[in-house]
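Please open the model in your viewer and keep a selection panel at hand. The tour goes from the overall division to individual side chains.

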Amino acid sequence: MEDEPFAGIFKESKIFAEREVLSPHYIPQHLLFRDAQINEIVKAMTPILRGEKGRNLFIYGKTGTGKTSCIKHVISKIRDLPTVKARVSYVNCKIYNSRYRVLNKITSDHMPLYAKRGYGIIDIYEHIINWIDEDGKILIVVLDEIDVVKDLDDLVYTLTRANSDIKSGGIAIIGVSNRISFKDDLDPRSRSTLYEKELVFPPYNSTELSTILKDRAEKGFKKEKVDPAAINLAAAMAANESGDARLALMILSKAGELTEERNLSLVTVDSVREAARNAEEELAYELVNTLPEHQRLIVYAIALLSIQGSRYKKLTEGSDTYIFSGEVYSKYAGISESMHKEAKSSRWYRKYISDLEMQGLIQTYESGKGIRGHTKLIKLAYPPEKIRSTIEKTLFKENPESAASV
Ligand SMILES: Nc1ncnc2c1ncn2[C@@H]1O[C@H](COP(=O)(O)OP(=O)(O)O)[C@@H](O)[C@H]1O
Ligand SMILES: [Mg+2]
């Protein structure tokens, strides 16, 4: 074994048939329970495919409701069409998170030779316009996870502005997001541009998730390696949590990994229970990393306060620490200041808090009368120490100069 440290890796799995089918990044041929949504997307794109400038579309829905899969599915159908003038740029804004990067992505998708040269933003803009004008193309820009674009108002303005600079053809925007309060963060002008048409993806219920999982398990696992009760449990847990197909898939594939590691021959409900604990935490840390800046600072403030313990002793019980909403706000304001950023008003703060609760990162309670009148108590839903280190990794990478001062 010592001579062959990698000897194990090509050994055939006893449990998995095609492991990648179970990955949340895999896009299945058939998307279940999404015919209505796919039809709506197609309907919104129909005028565009006929060469008219269609209306912009905004897609909203919680994580794991199939937004990215459906959009990619429709895009692949468009690419198969023989003679349309429509061109598509799919942009994952987690990677291309500024106007400059998005415009650059468009050129590298369609004008690869030009894109290599590192031009300034005005040159890139004009190049895109000329390319569209050449023969009246319609460019569909899909901005997935649009809420993480730092200068989104500028980006939307630029893309809209382009439409008046283009003589024939045009640009249509499809925005995709899983944050509710996002709409309120926008400048009213970008809001009315982006939300010309809105489409909502509802969370999946437990039966739907079960069907989705069975479909994937058939290809992903070898025959009779999964207890059907394990699939139903994974589906029920994910439905209960958020209706998130990604969570359901992560639980099931982790359960498979645990089963394999232990050299067992059947994925059982016990392995699903164990896997669920890991999967939820992993998703939470991922979520924290993609929060908009001020929400992330608020979570950071809550984590720091939870680690230090509340000043009000009564509120700390075992590992559960409840913090006063007001304490969190002051801490958050302090952190912002030390990073030379202006803290948002308390009205925004309350909005963010309810958003964070919606996303399952925190829980809040109204305290009864007595402790400083009526006030809100906040508790982190995940281990504070891990949340803190997760945030520090990204926060101080983006703002290295502030690392010392917080
Ligand atoms: N209707 C569906 N049928 C089959 N698989 C689905 C469906 N919806 C989501 N999935 C799977 O769930 C995972 C997450 O879906 P995704 O499209 O990324 O969600 P979102 O973009 O809304 O967060 C992917 O692996 C996808 O294949
Ligand atoms: Mg997505």
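Begin by colouring this predicted model by domain, using the assignment that divides the protein into domain 1 (35-201), domain 2 (204-288) and domain 3 (291-402). Next, show domain 1 and domain 3 together, whose C-alpha centres lie 35 Å apart. Six residues of domain 1 are in contact with nine residues of domain 3, and between them the two domains bury about 690 Å², with 51% of that area on carbon and sulfur atoms. On the domain 1 side, select Arg 179, Ser 181 and Asp 185, which lose the most area to domain 3 and together make up 57% of what that side buries. If you look for salt bridges across this interface of domain 1 and domain 3, the rule finds zero.

Now turn to the aromatic rings, of which a search of the whole structure finds eight pairs. Select Tyr 322 and Tyr 365, whose ring centres are 5.3 Å apart and whose planes stand at 75°, so the pair is edge-to-face. Tyr 322 lies in the loop between strand E7 (320-321) and strand E8 (323-324), whereas Tyr 365 belongs to strand E9 (residues 362-366), so the pair ties together parts that are 43 residues apart in sequence. Tyr 365 itself counts as partly exposed, at 35% relative accessibility.

Then select Tyr 329, Tyr 332 and Tyr 349, which ring pairs link into a cluster.

Finish at Trp 348: the charged end of Lys 344 sits over its ring, 5.7 Å from the centre, and Lys 351 lies over the face of Trp 348, at 5.5 Å from the ring centre.

Definitions and conventions
Residues numbered from 1 in each chain as written. Chains lettered and ligands numbered in written order. Predicted model: local features only at pLDDT ≥ 70, side-chain atom pairs only at ≥ 80, totals over all residues. Heavy atoms only, no water. Phe/Tyr/Trp six-rings, centres within 6.5 Å; stacked < 30°, edge-to-face > 60°. Helix = DSSP H or I, 4+ residues; strand = E, 2+ residues; numbered from the N terminus. Buried < 20%, exposed > 50% of the residue type's maximum accessible area, 1.4 Å probe, protein only. Lys NZ or Arg CZ within 6 Å of the ring centre and 35° of its normal. Domains from an automatic or database assignment. Contact = heavy atoms within 4.5 Å. Buried area = accessible area lost by both parts, 1.4 Å probe. Salt bridge = Lys/Arg side-chain N within 4 Å of Asp/Glu carboxyl O.
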